[in-house]
Amino acid sequence: MSGAPRSRPAAGRRRATKGAKTTPGLAARRAALLILEESLNPAAILSERLEAGLARASLAPADAAFVRALVLGTLRRRRGLEAALGRLVERPLPARHARVHLVLLIGLAQLLLFDTPPHAAVTTAVALVQAGKGASRPLAGLVNAVLRRAVDERDRLAPLVAPRPENVLPPWIEERWRTRFGETALERIARVVAIPPPIDLTLKPGVDGRSLAERLKAEVLPTGSLRLAPGTRVERLEGFRQGKFWVQDAAAMLPVRLLLTALETCGGVGAGPVIDLAAAPGGKTMQLAAAGVRVQALDRSRSRLERLRENLARTRLSAELLVGDAQHPPFAPGSASAVLLDAPCSATGTLRRHPDLGWKRGPDDIARLAERQRRMLEAAAGLVAQGGVLVYCVCSLEPEEGVGQVEEFLAKHREFARLPVREAELPGLAEARTPSGDVLTHPGIWAGRGGIDGFHVSRLVRRQD
Ligand SMILES: C[S@@+](CC[C@H](N)C(=O)[O-])C[C@H]1O[C@@H](n2cnc3c(N)ncnc32)[C@H](O)[C@@H]1O
């Protein structure tokens with residue numbers, strides 16, 4: 001038979017289910033499939049693909065929530081789901097059937113990770129293939145047989161998708177993080193990366209966190225952020241329109257907090273502004289503006305700066321926004337009381353929020369990004385006034401982008417020194433303080449309360465002549 005599937009289920013085939021057009025729940029699965037397919041394109045941004053795909057599908061709210069959960073869940077456990085699929089077929093599908101492969105992953109995710117009734121998971125998967133391209137349609141029988149076998153063998157397959165490092169982390173990340181953090185921390189990290197992350201809010205100064213937390217049913221974190229359940233629709237919450245808070249992971253608010261304490265210690269360092277060199281979408285600019293400092297916020301992305309502008313308007317805060325290249329910043333040398341460089345990076349520390357990234361990036365990207373970070377750090381340093389503060393941070397857990405970058409910089413720039421972070425500046429996060437006084441958070445810290453994003457933060461000061 002021409003176009004016959006190369007991959008056969010290890011067990012015999014069964015008849016494919018008919019009735020593609022009327023299959024209930026098919027629109028949601030089709031939306032999930034297309035979003036997943038698009039988001040695995042190396043240039044795609046998952047959150048944008050999700051929003052665009054959901055708008056295109058115009059589903060009922062409950063179905064849209066299901067699509068979100070299915071796409072993100074499939075990506076978070078992709079490694080385990082691939083392993084489970086490997087047990088069910090004799091050999092992988094050829095590359096030209098990549099879409100059918102994704103249909104199988106989505107089907108397995110529903111069977112092994114969600115409470116989807118088996119009949120719904122199987123019939124929708126079969127219907128997706130039947131409605132697809134001619135060359136793939138004959139694979140409907142294979143999909144039917146593989147997923148039915150998965151139903152029968154769920155107990156045997158379940159350990160492959162358990163929240164463990166080898167099921168959750170892309171192999172190159174697992175290897176690197178095992179070396180960096182050790183087995184126990186890696187287990188904690190995997191538990192957190194496997195599940196939807198909570199949503200943290202940074203409050204505008206003056207907002208009573210305890211009473212707002214009570215009303216929002218949020219947890220007050222030791223750092224002062226409020227923590228909400230995963231998936232909370234923040235724009236519907238009390239206080240959103242009044243600009244009382246903005247969304248920012250509890251780790252992401254540390255760099256500015258540490259910058260502000262240093263500025264206070266150094267007596268404000270003259271009247272210069274604080275320059276935020278890679279500012280958009282702007283959580284850190286908002287923190288700086290909320291603290292009452294004069295902020296100049298630069299980013300090369302006009303559209304991302306637009307989001308910052310909207311957030312500033314909502315919170316009634318102000319900052320000067322500039323589109324430009326941080327490698328050639330349009331500011332006078334030595335003019336800033338402090339510079340924040342939240343450099344573009346591999347973002348491996350945010351894997352739980354962006355589970356596609358680990359599959360699109362690899363060690364080569366780390367080397368390329370580290371080179372760009374080095375140039376940006378050089379440019380940032382030139383802007384700092386004598387006695388001024390330089391905070392360098394990345395939401396990456398790769399040493400080349402974090403501590404390695406800073407060590408290389410300090411070896412070359414004797415006019416800068418570390419201003420070590422004190423334990424008292426990290427309430428509830430003593431574990432995140434490194435022996436040299438940097439901050440290194442990872443998702444396994446606070447695992448019991450939902451984890452925290454991974455960040456490296458170094459705080460430096462420019463010596464006086
Ligand atoms: C990690 S994000 C910054 C997040 C931001 N600080 C916040 O708290 O919301 C890095 C930013 O760097 C920007 N970027 C990348 N290359 C740049 C360059 N050469 N000059 C200026 N901005 C750049 C990206 O557009 C992106 O917005």
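How many residues surround the ligand, and which are the closest? Please keep this question in mind while opening the structure, which is a predicted model.

**The ligand**

Select the ligand and display the residues around it. The ligand is surrounded by 17 residues, and the closest are Ala278, Arg300, Ser301, Ala326 and Asp342. Next, highlight α13 (283–290) and β6 (295–299); each of these two elements supplies at least two residues of the shell around the ligand. Colouring the shell by class then shows seven nonpolar, four polar and six charged residues.

**The domains**

Now return to the whole chain and colour it by domain. The domain assignment gives domain 1 as residues 20–161, domain 2 as 199–247 and domain 3 as 254–462. Select domain 2 and domain 3 together: their C-alpha centres lie 23 Å apart. Between these two domains, nine residues of domain 2 are in contact with 14 residues of domain 3. The side of domain 2 that touches domain 3 is made up of three nonpolar, three polar and three charged residues.

**Helix α17**

Finally, select helix α17, which spans residues 403–412. Which residues are buried in this helix? They are Gln405, Val406 and Phe409. These residues lie on the same side of α17, because they cover an arc of only 90° around the axis. In general, an α-helix has 3.6 residues a turn, so residues three or four places apart point the same way.

Note on methods: Residues are numbered from 1 along each chain as its sequence is written. This is a predicted model: local features need pLDDT of at least 70, side-chain atom pairs count only at pLDDT 80 or more; totals for chains, interfaces and linings use all residues. A residue is near a molecule or strand if its C-beta atom, placed from the backbone, lies within 6 Å of it. Helices (H or I, at least four residues) and strands (E, at least two) are DSSP runs, numbered from the N terminus. Ala, Val, Leu, Ile, Met, Phe, Trp, Tyr, Cys and Pro count as nonpolar, Asp, Glu, Lys and Arg as charged, and the others, Gly among them, as polar. A residue is buried if 20 or more other C-beta atoms lie within 10 Å of its own, exposed if 12 or fewer, and partly exposed in between; C-beta atoms are placed from the backbone. The arc is that of the directions from the helix axis to the C-beta atoms. Domain bounds come from an automatic or database domain assignment. Two residues are in contact if their C-beta atoms, placed from the backbone, lie within 7 Å.
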